[in-house]
Amino acid sequence: MRKKLFEVLTVSVFIAAILAGCSEQSIEEVESETAASVASTEEEKEMTPADMKVGVCIYKFSDVYMSLFKEELKKDLVKAGFREENITIVNAAVSHGYQMLQLKKLINAGVDILVVNPVNTYKTAEVTDLAMDAGVPLVYVNREPDAADEIRWENDNLSVTYIGCDARQAGAIQGKIISDLGFENVDKNGDGVLQYFMVKGEKDNADTYFRTRYSVDALKNAGWNVEQLADGNGNWDKNVSEFVVTKALEENPAPEVIFCNNDTMAIGALEAVSKAGLVAGQDVQIVGADAFEGALENILAGKIAGTVFNNYVEQARLTTGTILSYMKKQNVAHFYGSDYVKVTKENAETILGIIRDGEKTSEDEEIQTEWAQ
Ligand code: GAL
């Protein structure tokens, strides 16, 4: 939109210059007067959410977490005064090349801001360059860009922000959920070592790496002896996880814990152990992350030991707040974080309430007030 305004004014400078040729004014004088009036028009014109075009690109629409996030973000933006027809949300279908193409299209369509859930967090420098060259502020969500790119935002003072969680915290909480159960209750075969499976998300993903590492480290730090019997990439997907766990059970039929990097994979693991005749929650402890409805119901039923709430409601709100701050040309930080919350049978009902009814926690209220200032 800004580009179009510029083009119209450039044409009028040209016409004015031709007309001025017939009068006393020089072309230089006309140009400088017109430039001054362009500047003051632009200064006066304060953008409102209703004028703003937002482009959002999600790495994969069928990812459960991202689909909850994108719906919440849309709802939140509309509540903040953005017009639904000005919000374009596209699916990168797990292709970095396709994501780049879509971002170019969004820029050409005149978006004022980009929200990107990157397909490849090691290639975000390309995304950052694209947005910065076009003069469009950029908000990354959920998948943290690599450190080299982030350092550049700081050093070059770029209008780029990442909104998400610290995956180390999720891993540490997963380990704590298991250690809280007590070693003697989890070490079913009584050999003094905890035998586990690790069902991981996608390769080359910060959530996968840190959740995997910190969950096991938490047990080691609690003084537990641990042994990994099997691991595999479930790619955040229920069916892939069920396949991975079914295969692992053929070799190792009695794992004591199954760590899953997210809840859809925890549900896949639950299916696999149940089909193999194990009683989840008794013979084997399963732990996930995200706090999806299905996982929370299984926690309440005693089949899944716990999960870690990945608060998409809060993350969507932070994203809307950041967009508004860029719009108002305020100072925006390069990172806004959301804390993970430990979920077990004790608080699963409360978290269910939050995700089912959008019920507000006092923490949510604080965040809203913060952004309203
Ligand atoms: C994680 C989330 C997963 C999956 C992944 C995609 O934060 O826990 O369920 O959505 O992001 O990168």
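Colleague: How far from an oxygen atom of the ligand does a polar side-chain atom of Arg-211 lie?
Modeller: This is a predicted model, in which local features need pLDDT of at least 70 and side-chain atom pairs 80 or more, while totals for chains, interfaces and linings use all residues. Residues are numbered from 1 along each chain as its sequence is written, and side-chain values use heavy atoms, leaving out hydrogens and water. For Arg-211, the separation is 2.9 Å.

Colleague: At what distance from an N or O atom in the side chain of Arg-143 is an oxygen atom of the ligand?
Modeller: The side chain of Asp-63 places an N or O atom 2.7 Å from a ligand oxygen. For the side chain of Arg-143, the value is also 2.7 Å.

Colleague: What share of the area that the ligand exposes alone does the protein bury?
Modeller: Taken alone, the ligand exposes 310 Å² (Shrake-Rupley method, 1.4 Å probe). Of that area, the protein buries 99%.

Colleague: How many charged residues does the shell around the ligand have?
Modeller: The residues around the ligand (a heavy atom within 4 Å) include Asp-63, Arg-143, Asp-207, Arg-211 and Asp-290. Asp and Arg count as charged. Besides three nonpolar and four polar residues, the shell has charged residues numbering five.

Colleague: Which domains each give at least three residues to the shell around the ligand?
Modeller: Members of the shell include Tyr-59 and Asn-262. By an automatic or database assignment of bounds, the contributors are domain 1 (49-165 + 311-339) and domain 2 (168-309).

Key: Polar contact = N/O pair within 3.5 Å; in protein donor to acceptor, adjacent residues only side chain to side chain.
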